[in-house]
Amino acid sequence: QVQLVESGGGLVQPGGSLRLSCAASGSISGIDTMGWYRQAPGKQRELVATVTNGGSTDYTDSVKGRFTVSRDNAKKTVDLQMNSLKPEDTAVYYCYVRRTVFVLPYVYWGQGTQVTVSS
């Protein structure tokens, strides 16, 4: 099992910045992709940004140029720097980790952290 501990959510005004952090512990061998998803009220959970252990990143179009995902492979942490935040970024943000063990994928989720963008 993998345990994920998130931190960094909160309330911020439009145009502001927040940084989310997630630390993985437990059975952390075989982790390949780490990142963040979000879920707004009444909507499905969606990918925000992911990064592979090789450093390849993927972002949803709405956050490109504003959000940056990064990871520390040694510490097994993944961060999300969010700049120029908009009210539509308001959601619960979930840390995401995928492990591959004997070619089988295993996905783990954090408990979620609330991000609210409002004046």
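Predicted model: local features only at pLDDT ≥ 70, side-chain atom pairs only at ≥ 80, totals over all residues.
The strands concerned are strand 9, residues 91-101, and strand 10, residues 104-109, which run antiparallel and are joined by six bridges. Between the strands of this hairpin there are two residues, and F102 takes a positive phi near 50°.

Staying with strand 9, let me turn to the cysteines. The structure holds one disulfide, and it is formed by C22 and C95, whose sulfur atoms are 2.0 Å apart. The pair links distant parts of the chain, since C22 sits in strand 3, residues 18-26, and C95 in strand 9, with 73 residues separating them. The angle about the S-S bond is -85°, and the link of C22 and C95 is left-handed. Are these cysteines buried or exposed? C22 has a relative accessibility of 1% and therefore counts as buried, and C95, at 0%, counts as buried too.

My last stop is S118, which lies in the segment after strand 11, that strand being residues 113-117. Which residues does S118 contact, once its neighbours within four places in sequence are left aside? They are L11, V12, Q13 and P14. For V12, the C-alpha to C-alpha distance from S118 is 6.3 Å, although the two are 106 residues apart in sequence. S118 has a relative accessible area of 38%, so it is classed as partly exposed, because that class lies between the 20% limit for buried and the 50% limit for exposed.

Note on methods. Residues numbered from 1 in each chain as written. Heavy atoms only, no water. Pairing = 2+ DSSP bridges. Helix = DSSP H or I, 4+ residues; strand = E, 2+ residues; numbered from the N terminus. Buried < 20%, exposed > 50% of the residue type's maximum accessible area, 1.4 Å probe, protein only. Contact = heavy atoms within 4.5 Å. Disulfide = S-S within 2.5 Å.
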